[in-house]
Amino acid sequence: MADGQKWYVAGGSWGSSLSLFYALEYPDAIEGMIVTGISFADMAGVKWLTEEGGASEIMPEWFWPYRDHIPPEKRNNGLAGAYYDIITNGTEEEILEATRLFTIWDTAILYFDVPFDRIREVEEDPALFVPLTKIFFHFVHHYYTDDNR
C-alpha cells in the first residue's frame, strides 16, 4: 500500500468481525467501514450459532444434522471445537461432509425463508465452500474470545 493510501473495509455477519480485526490492526489504513449484521467475534456469539441453546432453538430441524454429525463423546470442546478438528485434521471426505453440514446450517439460519437454491449448491459441490468454512473455524479457534466484546 502506498504511503497515505486508505481503504474502505466492508463485511457482513462474521465477515464484519474480520473487518473489525483489520481495522484494529491497521487503523491508519482505514478510510471508513461498512459493516452489517455485526458479529463481535466473541465466544457468546459463536456459541449462539454453533452450539445448542441459541440459534438451534429457532430452526432445530436445520441444526440437528449439523449437531448429530459429531458424536456426544467428541463434543468436549463443543461442536465448534469438534468441527475445527475435522476441518484442520480430517480426511478430504470428512472435511467435505463437515463443510456441507456446517454451511447448510449457517445458510439456513441466516435467512427467515431458507434459500433452497443455495442449499442445493452446497449439496451439489461442498468443495466450493471449504475455504470459507476453514476461515470461519480458524478465526473462531484462534481469535474469538470473551474479551472481544
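I began with arginine 100, and I found that, leaving aside its neighbours within four places in sequence, arginine 100 is in contact with Val122, Glu123 and Pro126, where contact means heavy atoms within 4.5 Å. I noted that this is a predicted model, in which local features need pLDDT of at least 70 and side-chain atom pairs count only at pLDDT 80 or more, while totals for chains, interfaces and linings use all residues. I number residues from 1 along each chain as its sequence is written, and side-chain values use heavy atoms, with hydrogens and water left out.

I then looked up where arginine 100 sits, and its place is in helix α5; helices are DSSP runs of H or I with at least four residues, numbered from the N terminus. Arginine 100 has a relative accessible area of 18% and is therefore buried, a word I use for under 20% relative accessible area, with exposed for over 50% and partly exposed in between (1.4 Å probe, protein chains only). Its side chain and that of glutamate 123 are joined by a polar contact of 3.0 Å, that is, a pair of N or O atoms within 3.5 Å, of which, within protein, one must be able to donate a hydrogen and the other to accept it, and residues adjacent in sequence count only if both atoms are side-chain atoms.

Next I looked at α5 against α6, which pack at an angle of about 175 degrees with their axes 9 Å apart. The axes are lines fitted to C-alpha atoms, for helices over the stretch in contact, and the angles run from 0 to 180 degrees between N-to-C directions. The two helices α5 and α6 are therefore roughly antiparallel, since angles over 145 degrees count that way, under 35 as roughly parallel, 65 to 115 as roughly perpendicular and the rest as oblique. From α5 the contact takes Arg100, Thr103, Ile104, Thr107 and Ala108, and from α6 it takes Arg118, Ile119, Val122 and Glu123.

I followed threonine 107, which lies in helix α5 and counts as buried because its relative accessibility is 6%. The side chain of threonine 107 reaches the backbone oxygen of threonine 103 at 2.7 Å, and, not counting residues up to four places away in sequence, threonine 107 touches Pro115, Arg118 and Ile119.

I turned to α3 and α4, whose axes lie 10 Å apart at an angle of about 55 degrees, so I recorded the pair as oblique to each other. Phe63, Tyr66 and Arg67 of α3 and Leu79, Ala80 and Tyr83 of α4 make this contact. Phenylalanine 63 of helix α3 has a relative accessible area of 1% and is therefore buried. Its contacts beyond four places in sequence include Leu49, Thr50, Leu79 and Trp105, and the C-alpha atoms of phenylalanine 63 and threonine 50 are separated by 8.8 Å.

Last, I looked up the largest nonpolar core, which has 35 residues, among which Trp62, Tyr83, Trp105 and Phe137 touch the most other members. Such a core is a set of buried Ala, Val, Leu, Ile, Met, Phe, Trp, Tyr and Cys residues joined through side-chain atoms within 4.5 Å. I noted that α5 gives the most to this core, with eight residues.
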